[in-house]
Amino acid sequence: MSLAFKQETFRDDYTFRNSPEAIRRFPFPFPEDQYMYSVNIEPHTPGPKGAVTEFTLDVDEHYVAECRDKAITLEQDPGRCASLPHMMDAEWDFLEFTMESLARDYPEQFSLSKNGKEWTWVNRPLGLEQSFVFGDAATLPMGPFEYMGRQVQGDFVLLDQREDTLFADAGIVTSQADWSLAFNVGMSWHEWHGPVPQVTKLGVMDRALKFLMSLQQGNPVRRLNWTMTINPRLDTSPENYPLWGGDRNKVNAQNAGELAHLRVELQTLFRMPRSNAIVFSIRCYLISMEEMATYPRWAKRFHRVLRDLHPDLVEYKGITKYQQAVVAWLSRFDDGADIGIGTQPE
Amino acid sequence: MSQLQVKVAAIDDVSAGVRHFTLVDAHGGELPAFSGGSHIVVTMPAPGRTYRNAYSLLSSPENRAHYEIAVHRQPQSRGGSIYMHEQVKVGSVLDISYPVNLFALSRVAKHHLLIAGGIGITPFMAQIHDLERLGGDYSLHYGFRSREHAAFADALKARVSQRAVCYDESLGQRMDFDALLRAQPLGTHVYACGPQGMVEALVSTARALGWPEHHIHSEQFLAPPVGEPFTLKLSKSELEITVQGDMSMLEAMEAAGVDAPSLCRGGACGRCELEVLGTDGELQHHDHYLSDADKASGRKIMPCVSRAKCGYLELNL
């Protein structure tokens, strides 16, 4: 896929659209007609050429516009980036990890040169060049975590491992599915997963925590999560609920194809070297129902998933108000034929 | 699991029975940085069987040019430490795991009290680099049998003399855990690494004094104890494997080609936990991971160090 960066918006006039190439590589998350919450963690090994998992961090056609949207959100609410004082080693780990991955995987867009601790970073799409001393925060225009967090698509939470659990002790969160960094920062694993329905009785969170506590450097993992969003809006935060919450009342069976978007999160987890922290990356991919329906197999699959979704999950994902409208819009694509197992489009 | 390949660049004898290995990237590149307290698992392809032992990294975590480990030749070794002492030469190439930290410094501690016994000094060598770099407040207490067993004592005295106290048992010098722990300011975390008796005494003293459980850290890597042979039945794999007396269940499963999960291989991390479906004998738990209640339930086992005295043991794998 080419890296021609699009000029588009994720607010106000919502000009965001996916190119046919972006639709083709969309990380569609439903291999079966039924969906139930699961840990579904797998090794974050390189996927096929062109896939969103081809590289450590995915840079796509929306890169420049998403970084711009992130900057707007941070300008309006600087509290979307927070880091507790003991996370400084983790901040530098994050800076090194993102700079090294981007420069290695996208050498035409990014470069990193090192002379001992004197580093120079070049970000061509955003027109940035920065020389600094690794480990000396005074040589950067802002903290190392925020500096690079603004230059990568998606949200990032840094997890400190202590007391037999993980604490969300730093984060840069501007494209969240209705959760608040200000509320969650400093929380432990079981505290911030408390509201997830159906999982306590399944023991899912205990097993996932145990797995992540032994996550190894060099062996990152990933999973997909999903929800829905009305309009292609990245910042669906509780802080800004008045700006987007009401849109959920505007969906009907005629406009659902345009307004309703499937929102897929590619969640990846990486163990950091110096801090022993875990980087939790939450990358959001949006696709409208109209775009999805360019592959009828996906429209059939999603029709069945959404129609038969467990009521607790409908409520948790915040799609109660428009579930029926979207199911009605999608039903025209579903002839009831068995489409087998797998997430692939036609 | 991704592995690293290293070449032995230097071997030195640092004290009685302790050999020090300097490892560089086999392909001439940089090794990953790590955090003080991390260990690597070294794979030793001995004739007829493969040993995998965990060793703490003692070099500076910021130094990506090489790693350093120290290997104590265990008198009752099953073969791993003897292999490192006798078979590994300068120029040998070894597969190692990425660094894993099960003994990390707490980043919210007000003071760090480091307690080392013998070869247990190794993780603290790296942690001291981190504490010095971060300006952490700490003190190190290092006990050893005699001067000839005092690995790295001179280097420590040269580097951090004002923070390190040494205890030479042959001169009658011993740590008084009770007095030491009572003298610590609130917010102190204590870390112990060394012989089992020392670590257990330290931990029980701290608990008796009311220290919060999360302020007490210890690390011991166990070698799998030798026992009697038995038959291991794996229900999902539909396999029967003989576990020899000097082999762990994990090693026996790996030798049979079973993809069993594992990480530290020393009973500390919990990754290899398996469900027990049945046995005609009794489980012999040796790990530090399972709770006493878990051990008593007879339904879980850590195959890296634990075994059974039985004819057969059936696991859900």
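Across which strands of chain B does helix H3 (residues 153-160) of chain B lie? Helix H3 lies across E9 and E10 of chain B and runs at about 155 degrees to E10(B). Angles here run from 0 to 180 degrees between N-to-C directions, with axes fitted as lines to C-alpha atoms, for helices over the stretch in contact. Helices (H or I, at least four residues) and strands (E, at least two) are DSSP runs, numbered from the N terminus.

The model is predicted: local features need pLDDT of at least 70, side-chain atom pairs count only at pLDDT 80 or more, and totals for chains, interfaces and linings use all residues. Residues are numbered from 1 along each chain as its sequence is written, while chains are lettered from A and ligands numbered from 1 in the order in which they are written.

Strands E9 and E10 belong to an open, parallel sheet of five strands in chain B, ordered E10-E9-E8-E11-E12; two strands pair if DSSP finds at least two bridges between them. Strand E10 (164-168) and strand E12 (216-219) each have a single partner strand, so one side of each is left without a neighbour in the sheet. On average, neighbouring strands of this sheet are turned by 15 degrees against each other, direction ignored. Within the sheet, E8 (residues 111-117) and E9 (residues 138-144) run parallel and are joined by six bridges. B:Leu114 has B:Leu140 in E9(B) as its bridge partner.

Taken as a whole, chain B has seven helices and 19 strands. Its C-alpha atoms fill a box of roughly 60 × 50 × 35 Å along the principal axes. The radius of gyration of chain B, taken over C-alpha atoms, is 20 Å, which agrees with the value near 20 Å for a compact globule of 317 residues; the globule rule is 2.2 Å times the number of residues to the power 0.38. Buried residues (20 or more other C-beta atoms within 10 Å of their own, against 12 or fewer for exposed and in between for partly exposed, with C-beta atoms placed from the backbone) make up 44% of chain B.

Turning to chain A, helix H3 (residues 88-105) has end C-alpha atoms 26 Å apart, in agreement with the 26 Å that its 18 residues should span at 1.5 Å a residue. That expected span is 1.5 Å times one less than the number of residues. Buried residues of H3(A) include A:Trp92, A:Phe94 and A:Leu95. A:Ala182, in helix H5 (residues 181-184) of chain A, counts as partly exposed because it has 14 C-beta neighbours inside 10 Å.

Definitions and conventions. Contact = placed C-beta atoms within 7 Å.
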